[in-house]
Amino acid sequence: MNDRAGAASLVTSLPALMEAGLRGPAVPAGRAWRLRLAAVVGFLALWSLASGLVVLLRLFNPIFLPGPWVVVGAVIDLAVKGQLWGHVAATLERVVLGFATGALLAVGLGLPAGYFRPLRNLVEPIVELLRPIPPLAMLPLFIVWVGIGETSKVGFITYATFFPMFLTTVHAVRQIDPLLLRAAQSLGAHRLSLFARVILPAALPDLLTGLRLGLALAFFVIVISEFIGAEQGLGFLINDGRNFFLVPQMLGAAIVLGLLGYAGNALVRLGERHLLRWQSPS
Amino acid sequence: MSSAVTRFAALLAVLSLWAAIAHGNARLGVVNPVLLPTPAEVVAVGVQSARDGELLRHVLTSLARVAQGFGLAAVAALGLGIVAGMCAPLRLMVEPVVEFVRPIPPLAFLPMFLVWFGLEEASKVAFIGYTTFFPMFVAIAASVLRADVMLLRAAASLGASRADLIRRVVLPASLPGIIVALRLGVGLALFVIVGAEFMGADAGLGHLIMEGRTFFNPAQIVMGALLLGLLGSLINALLLAAERRALRWRAAA
Amino acid sequence: MAGHTSRERGGLEGAAPAPSSKKGLEGAAAAPSNKKIQIRRVSKSFGAAGRTAPALVDIDLEVADREFVCLLGPSGCGKSTLLNIVAGFLAPSAGTVLVDGQAVTTPGADRGVVFQEYVLFPWLTVAGNVEFGLVLKGLAAAQRRAVVARYLDLVGLGAHAEKFPVQLSGGMKQRVAIARALANNPAIILMDEPFGALDAQTREVLQDELSRIQRLEHKTILFVTHSIREAVYLADRVVVMTSAPGRLKQVFPIKLPDLRDRFAPEFTQYESEITRVVKEEVAKVHP
């Protein structure tokens, strides 16, 4: 195989461009792994170096740039002391409850709205009016209405996640190829059986994607509601750290939150792969 | 019925519904009428604030933060994104960092930015910049990467050198995707600015909305929220128009 | 493959086109055995190390200057791969391709390409597309305009210079692609099933167009197709390839006048002869 020289030069070489476009020749798996590992190690090294330099050269108060090991240490510390779990649980509970409620409403309303035009015409104006408003803007309203307890947080997440999930659900139904419906009807499917056996499965891929995005959104907005008026939760941990400049705690809690979000996303993807087996049978 | 007419009718319907519920509640006293402001009350708050000149100040403050934060992030995302699209080793190295940062909600870093930059404008601008940079960078790099190899081949067989290919094929071909990425960034900035102004700010629409909570004035909250929605729609419409102009060739009628 | 061995591999230097055909206004000035493209023992395999699948095996072929050669064969026989190698888009696994005696490894303005999917630059107008190569060469605007006008008129699209590709039909797009390739004045034009995406009527119209253009421009053309009719209509020589892995099966010089009649008995005779040979190969793909 002729040498592509794509490894030597930085920008993909002309022969490689001609063969495979900008992606260049497929980087062999081994090399790709090594590059990624180098990147992670490099990132951590750079971070450590930066924080070390701050201390060494007395650039500013080292509290502002703790090294990676300090951050990890803070998280482990909280975990060992047993405090971390309470906060994680609080955040998860709110996210799960809020998301589940929002999803139930969105799918429960979205599926029929996708199918029945009159219902859609009824609901869509309200949705269209509220959609341009960033949901975060409504958070203080929830607090004024329901106080700063759990209800307002869960309610807020429900509100924030409802709209995008509702819209994707409606879209999921509307994009179903009408020929599929006709084929099923000519085979005797009507109403309930049509819904259960054709509409639901056909809408499922887009619907699940919408749910996944809704879950990400739930994690996105939970933080801000935990900044304001909370005694527990990862968001609370982050904001509370401000008082005493507990930057490692702030960064650590953010990372834990990221991990939770990642796990949630992976879970839904797992569900997707199972429910949508027919899309890519191995 | 044209779409614009139906929309207008729908808007009126919603407004009437709202007014009906709010006035009805005021009459019947189901909940504290302060909690359910009527459209008239909301408008009144807005007018009042506009008269003081306060409203304009808050709007401009928010917009300035968005513009500066987005502007910085856009320049960085364009520069780095285009280069990353063309340089595979750079891509592979940046990828793990991006994947690491991506699941962490940007708002989780807001307190950090307040610690780092204090309560000045810089903290909000830096935060908006951080929030919008990564999604735009990823989208732009992806768009550059997607440049059709057939277009590259066609240009090469017309005599294009590698530099020609980048300048005359890759960049124009990835422009639609780049514009989408920028629009995404603006949307994200507008989404997040409110939250950023809840804490550690004494100006801006987010602050105005939070004030509504502090002084138990839901009408102010609703006013601020609606105004935000309006601004967002306007900006989005402007961006779409600009996009259509720049990409005339896509749907020439 | 008894009876065909003498035609395979060994002596496939195509017979030079008989001097009586194809010279038109130039008379017999062109040297008939001027080898424009030389494909020497080219092989190509795809796949990662250890799991390669051969697409082309030991191709030896020469195309003379101003000759119109068709590569014909069943799906998967590697004809497009061979064209891509000559174009410089792919590197051969073995062997070389020489153009005017020089080895080719990358694409170049000396070998224009017309693709099946047109591949026009969507952000440029028709005129912008046609002048693309000229802009790269640094021609002045006035000169470019003249060249663009000439070739757009040649393909019958003079009135559409300011349209965008998205506004054109398939046939029109392909004409623009042909004009674009011609405007750059390459000596060689490589065409990869250029009319494959068009309906039957448009296809025949464009075949007539191409025939007419070739009688005016006299380019060296390597044309890939799976339509026997199209090959007999257009080519000086038809090269039939085997099914995968692709080798050269048989070469048919076509001794027909420049302006061909699709219903003439000689035409039909070539068609049947070639069809018989091709069917042998097709049977291997679809037993």
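**Entry 1: β3 and β9 of chain C**

I started with strand β3 (residues 68–72) of chain C, which pairs with β9(C) in the parallel sense over 4 bridges. My pairing criterion: DSSP must find at least two bridges between two strands. Strands are DSSP runs of E with at least two residues, helices are runs of H or I with at least four, and both are numbered from the N terminus. I looked up one pair here: Leu71(C) has Val239(C) as its bridge partner in β9(C).

This is a predicted model, where local features need pLDDT of at least 70 and side-chain atom pairs count only at pLDDT 80 or more, while totals for chains, interfaces and linings use all residues. Residues are numbered from 1 along each chain as its sequence is written, and chains are lettered from A and ligands numbered from 1 in the order in which they are written.

Next I checked the burial of β9(C). Strand β9 (residues 237–241) of chain C is mostly covered, with 5 of its 5 residues buried. Buried requires 20 or more other C-beta atoms within 10 Å of the residue's own; exposed is 12 or fewer, partly exposed is in between, and the C-beta atoms are placed from the backbone. I then sorted the directions. Arg237(C), Val239(C) and Met241(C) point one way from β9(C), Val238(C) and Val240(C) point the other way, and all are buried.

β9(C) also has an antiparallel partner: 5 bridges join it to strand β10 (residues 248–253) of chain C. Val240(C) has Gln250(C) as its bridge partner in β10(C). I noted a hairpin of β9(C) and β10(C), with 6 residues between them.

**Entry 2: the β2-β1-β4-β5 sheet of chain C**

I moved on to an open sheet of 4 strands in chain C, with the order β2-β1-β4-β5 and antiparallel pairing. I marked β2 and β5 (102–103) of chain C as the edge strands, since each pairs on one side only. Helix α1 (residues 79–87) of chain C packs on this sheet and touches β1, β2 and β4 of chain C. The direction of α1 makes about 120° with that of β1(C). Such angles run from 0 to 180 degrees between N-to-C directions, and axes are lines fitted to C-alpha atoms, for helices over the stretch in contact.

I followed β1(C) to both sides. Strand β1 (residues 35–46) of chain C runs antiparallel to strand β2 (residues 53–64) of chain C, and 8 bridges join them. Phe46(C) stands opposite Ala53(C) in β2(C). The two strands form a hairpin with 6 residues between them, and Gly47(C) in the turn has a positive phi of about 115°.

Gln38(C) turned up in both pairings. Its bridge partner in β2(C) is Glu62(C). In β4(C), Gln38(C) stands opposite Leu98(C).

**Entry 3: domains**

I took the domain bounds from an automatic or database domain assignment. Chain C has domain 1 (1–14 + 33–110 + 195–287) and domain 2 (121–185). Their centres, taken over C-alpha atoms, are 27 Å apart. The contact takes 9 residues from domain 1 of chain C and 8 residues from domain 2 of chain C. I used the contact cut-off of C-beta atoms within 7 Å, placed from the backbone.

Chain A is divided into domain 1 (14–65) and domain 2 (72–279). I read 33 Å between their C-alpha centres.

I found 10 helices and 0 strands in chain B. Its radius of gyration, taken over C-alpha atoms, is 23 Å, well over the 18 Å of the globule rule for 253 residues, so chain B is more spread out than a compact globule. The rule is 2.2 Å times the number of residues to the power 0.38. The C-alpha atoms fill a box of roughly 80 × 55 × 30 Å along the principal axes. I noted 43% of the 253 residues as buried.

Then I looked at the contact of chain A with chain B, which takes 55 residues from chain A and 57 residues from chain B. On the chain A side, α11(A) gives the most, with 9 residues. That side divides into 44 nonpolar, 8 polar and 3 charged residues. For these classes, Ala, Val, Leu, Ile, Met, Phe, Trp, Tyr, Cys and Pro are nonpolar, Asp, Glu, Lys and Arg are charged, and the others, Gly among them, are polar.

Last, I checked chain B against chain C: 16 residues from chain B and 22 residues from chain C. α7(B) gives the most to the chain B side, with 6 residues.

Conventions: Contact = placed C-beta atoms within 7 Å.
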